[in-house]
Amino acid sequence: MKNWTYARNGNRILDLNPVVFVASAVIILGFVAASFIWLDVMAEAFNATQAWIANTTGWFFVLAINLILFYVIYLGLSRYGRLRLGGEEARPEFSLLGWFSMLFSAGMGIGLLFYAVAEPMYHLLTPPHGAEAGSLMAYKDAMRTTFLHWGLHPWGVYALVGLALAFFAFNLKQPLSVRSIFYPVLGDRIYGPWGHFIDIIATVATLFGVATSLGLGVSQVNGGLNHLFGIPENPLVQVVLIVLITAMATASVVAGLNHGIRRLSEINMVGAALLLLMVLLVGPTLFILNGFVENVGLYLNDFFYLAFWNETYSAGDWQNAWTVFYWGWWIAWSPFVGMFIARVSRGRTIRQFVAGVLLVPTLATFVWLSIFGDAAMYFELFKDGGIAQAVQENLTTSLFVFLETLPATTFTGGIVTVLATISGVLATLIIVTFFVTSSDSGSLVIDMITAGGKADPPVAQRVFWAVTEGVVAAALLVAGGLSALQTAAIATGLPFAILLVFLIWSLQRGLSRYQANGRV
């Protein structure tokens with residue numbers, strides 16, 4: 001089906017695939033309308049949906065995400081690793097620093113700020129693998145479990161989708177759209193109803209995955225403003241914040257990839273590095289450094305046990321609320337992050353791509369989690385504690401309670417208040433900029449999918465999707481809060497997880513044919 005196009009004075013105003021755009025918009029906006037009209041019904045539906053998916057399909061999420069990771073590692077080590085995305089003459093468009101900054105900002109951003117302190121503290125009080133709450137084993141289990149959720153597995157999902165999109169778009173000259181990945185399996189049927197169906201699933205999954213992160217981010221911004229300045233913490237304030245930050249994201253969208261997303265991503269990295277350095281130097285530095293080394297060792301030593309643990313014999317429901325949520329969230333994000341990674345990775349070899357996407361962001365994530373998580377652990381082990389209790393009382397403000405308490409480990413007097421205020425304000429600004437980059441990156445990717453794979457779709461359409469992301473995040477928060485955000489991630493991640501399993505088969509067939517033609 002041909003795109004609907006409209007231009008005025010030589011400028012494209014409209015350029016979209018009508019089936020994918022309209023169907024996706026109807027599904028998404030219909031959900032928003034239902035969330036506001038039937039608040040109580042939707043809240044109950046969120047809880048029931050999350051419970052059913054987690055209880056019934058958790059095993060599939062665990063199996064699928066491990067299969068994806070091991071296949072990506074195989075590609076990086078195989079003969080296909082020499083293949084250059086875009087052909088032998090292609091060269092990278094962005095520097096390594098710019099590339100890594102955009103990978104990290106798009107892939108993790110808000111979530112790391114939300115969970116870096118909260119997740120280890122939560123696991124300390126409710127250990128998933130049988131340790132006694134608050135015991136030494138519980139401390140170790142808390143960090144290795146957090147590393148599992150934020151380590152190689154999510155980046156393996158992103159790498160698979162990004163690599164497949166880049167290969168089919170840049171080497172086989174297919175449209176930069178999710179449907180193109182399935183050409184070796186479906187053939188020309190990707191241009192018909194099957195292709196539309198795949199792109200609709202990818203669009204809905206992407207939007208709800210991004211909206212989940214935006215909802216978490218704005219909840220934390222509201223929590224920070226409440227903690228720092230006494231601004232009320234309620235849905236009305238959160239909706240106002242979404243409106244303001246979505247306006248900033250829209251401005252970034254209009255600025256474009258190089259002037260908007262790239263610059264904001266680099267600003268994110270500078271701000272995050274400053275906050276990270278402040279926590280490292282102001283906090284228990286030696287304890288953090290020792291903890292980082294030990295945390296990596298625990299994660300690697302118990303990797304296969306953690307990766308395949310399915311809570312079968314303990315008959316609990318811990319994994320449903322944590323690991324299955326994370327796997328659904330990362331998979332829902334994968335069309336967005338994968339397409340964004342593909343868009344900025346032309347000219348890299350497959351081996352460079354896999355090494356860069358898997359190892360560098362994972363290592364940066366582990367450094368971040370160790371600095372924040374172990375600093376919080378230090379309070380619980382050697383000081384008066386209180387961080388774990390703050391997490392239980394209010395997840396969204398736990399980071400700010402931690403930053404307020406941190407300077408007391410090294411300083412006394414007025415300098416404690418000054419440093420606490422500086423770090424709290426800096427954290428809030430970083431959350432906002434991560435919010436903006438996630439929104440404008442997400443809107444760019446969704447617009448590319450609904451525009452039939454066009455790499456540079458019209459700005460007006462990207463503005464529409466940026467605003468829609470904000471509206472969906474607001475609807476989720478009003479209808480069900482954090483529970484609704486988790487349900488949205490898992491529910492949209494499930495159908496796309498099934499597609500990812502078939503994606504492995506399709507990508508392998510595509511690479512094999514490419515090699516058979518003498519191009520590897």
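Residues count as buried when their relative accessible area is under 20%. The model shown in these close-up views is a predicted one.

**View 1. Ala474 in helix α20.** Ala474 belongs to helix α20, which covers residues 459-516. Its relative accessibility is 8%, so Ala474 counts as buried. Residues up to four places away in sequence aside, Ala474 touches Phe36, Val239 and Ile242.

**View 2. Packing of helix α6 against helix α12.** Helix α6 (residues 136-150) and helix α12 (residues 285-301) pack with their axes 9 Å apart, at an angle of about 70°. This angle makes α6 roughly perpendicular to α12, because angles of 65 to 115 degrees are classed in that way. The crossing in which α6 passes α12 is right-handed. On the α6 side the contact is made by Lys140, Met143, Arg144, Phe147 and Leu148, and on the α12 side by Glu294, Asn295, Val296, Leu298 and Tyr299. Sorted by class, the contact of α6 with α12 has six nonpolar residues, one polar residue and three charged residues.

**View 3. Packing of helix α9 against helix α15.** Helix α9 (residues 193-229) packs on helix α15 (residues 323-343) at an angle of about 115°, and the axes are 7 Å apart. The passage of α9 across α15 is a left-handed crossing. From α9, the contact is made by Ala202, Ala205, Thr206, Gly209, Val210, Thr212, Ser213 and Leu216; from α15, by Trp329, Ala332, Trp333, Pro335 and Phe336. By class, the contact of α9 with α15 has nine nonpolar and four polar residues, and no charged residues.

**View 4. Trp327 in helix α15.** Trp327 is placed in helix α15. With a relative accessibility of 0%, Trp327 counts as buried. When neighbours within four places in sequence are left aside, Trp327 is in contact with Phe61, Val62, Ile65, Leu148, His149, His153 and Pro154. One of these residues, Leu148, also takes part in the contact that α6 makes with α12. Ile415 lies 88 residues from Trp327 along the chain, and the C-alpha atoms of the two residues are separated by 42 Å.

**View 5. Packing of helix α16 against helix α18.** The axes of helix α16 (residues 350-382) and helix α18 (residues 398-405) cross at roughly 65° and come within 11 Å. The two helices, α16 and α18, are therefore roughly perpendicular to each other. Their crossing, that of α16 and α18, is left-handed. In α16, Phe372, Ala375, Ala376 and Phe379 meet Leu399, Phe402, Leu403 and Thr405 of α18. The contact of α16 with α18 has, by class, seven nonpolar residues, one polar residue and no charged residues.

View 6. Ser177 is located in the loop between α7 and α8. Its relative accessible area is 1%, so Ser177 is buried. The side chain of Ser177 makes a polar contact of 2.8 Å with the side chain of Asp199. Apart from neighbours within four places in sequence, Ser177 is in contact with Leu165, Asp199, Met339, Ile449, Gly452 and Gly453. Lys173 also lies in the loop between α7 (152-171) and α8 (183-186). In contrast to Ser177, which is buried, Lys173 is exposed, with a relative accessible area of 59%. Although Lys173 is not a glycine, its phi is positive, at about 60°.

**View 7. Glu311 in the loop between α13 and α14.** Glu311 is found in the loop that lies between α13 (303-308) and α14 (318-321). Phi of Glu311 is near 60°, a positive value in a residue other than glycine. Glu311 has 10% relative accessibility and therefore counts as buried.

**View 8. Ser78 in the loop between α2 and α3.** Ser78 has its place in the loop between α2 (39-77) and α3 (96-107). With a relative accessible area of 9%, Ser78 is buried. Ser78 and Ser135 are 57 residues apart along the chain, and their C-alpha atoms are separated by 43 Å.

Terms used
Residues are numbered from 1 along each chain as its sequence is written. This is a predicted model: local features need pLDDT of at least 70, side-chain atom pairs count only at pLDDT 80 or more; totals for chains, interfaces and linings use all residues. Side-chain values use heavy atoms; hydrogens and water are left out. Axes are lines fitted to C-alpha atoms, for helices over the stretch in contact, and angles run from 0 to 180 degrees between N-to-C directions. Helices (H or I, at least four residues) and strands (E, at least two) are DSSP runs, numbered from the N terminus. Angles under 35 degrees count as roughly parallel, over 145 as roughly antiparallel, 65 to 115 as roughly perpendicular and the rest as oblique. A crossing is left-handed if the near helix is turned anticlockwise from the far one by less than a right angle, and right-handed if clockwise. Contact means heavy atoms within 4.5 Å. Ala, Val, Leu, Ile, Met, Phe, Trp, Tyr, Cys and Pro count as nonpolar, Asp, Glu, Lys and Arg as charged, and the others, Gly among them, as polar. Buried means under 20% relative accessible area, exposed over 50%, partly exposed in between (1.4 Å probe, protein chains only). A polar contact is a pair of N or O atoms within 3.5 Å; within protein, one must be able to donate a hydrogen and the other to accept it, and residues adjacent in sequence count only if both atoms are side-chain atoms.
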